[in-house]
Amino acid sequence: MIPTPAWRGRFAAIATPTPVVAGGRAGHVDQKKPARMASRVPDARLVTIGAGHLVHTDRPDQILSALGEFGIGRTHGSGRLPSLPSDQVPSASAATERAQR
């Protein structure tokens, strides 16, 4: 499923401080794209973590630190992102089904 270009027009409506996380040159995304996104969201900041596409799994401490600067992700001082119980985590097949709708 490919999003329509119209969603980009909604960036200016985001009314909360927003980190735009990019994986750097090691990833497959042209780094001009997250920079452009950050420039269009009011009160956004581009955070580049040289980890490629899987920033959250390859550099968890760095992403937690970056998100923490926005007050995101820290739960009761544990330093960990909250997680869903395993029976509530959607399966890959469920994600594929949603994408095909």
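## Basis of the model

Residues are numbered from 1 along each chain as its sequence is written, and side-chain values use heavy atoms, with hydrogens and water left out. Because the model is predicted, local features need pLDDT of at least 70 and side-chain atom pairs count only at pLDDT 80 or more, whereas totals for chains, interfaces and linings use all residues.

## Overall fold

The protein chain contains four helices and two strands, assigned as DSSP runs (helices: H or I, at least four residues; strands: E, at least two) and numbered from the N terminus. Along the sequence, these elements follow the pattern β-α-β-α-α-α.

Of the 101 residues of the chain, 21% count as buried. Buried means under 20% relative accessible area, exposed over 50%, and partly exposed in between, with a 1.4 Å probe and protein chains only.

## Nonpolar core

The largest nonpolar core consists of seven residues: Val47, Ile49, Ala51, Val55, Ile63, Ala66 and Leu67. Helix α3 (residues 60-68) supplies the largest share of this core, three residues. Such a core is a set of buried Ala, Val, Leu, Ile, Met, Phe, Trp, Tyr and Cys residues joined through side-chain atoms within 4.5 Å.

## Largest pocket

The largest pocket has a volume of about 510 Å³, this being the space filled by probe spheres set on grid points joined across faces, edges and corners. A pocket is an open set of points on a 1 Å grid over the protein atoms alone, where a 1.4 Å probe fits, with protein on both sides within 12 Å along at least five of seven lines; lining residues have an atom within 4 Å of a point.

The lining comprises 22 residues, of which Val21, Val29, Lys33, Pro34 and Met37 lie nearest the pocket centre. At least two lining residues come from each of β1 (18-22), α1 (32-40) and α2 (55-58), and α1 provides the largest share, five residues.

## Salt bridge

One salt bridge is found in the whole structure, the criterion being a side-chain nitrogen of Lys or Arg within 4 Å of a carboxyl oxygen of Asp or Glu. Glu69 pairs with Arg45, and their closest N and O atoms are 2.6 Å apart. Glu69 lies in the loop between α3 and α4 (92-100) and Arg45 in strand β2 (residues 44-48), so the pair ties together parts that are 24 residues apart in sequence.

Glu69 is exposed, with a relative accessible area of 57%, while Arg45 is partly exposed at 35%.
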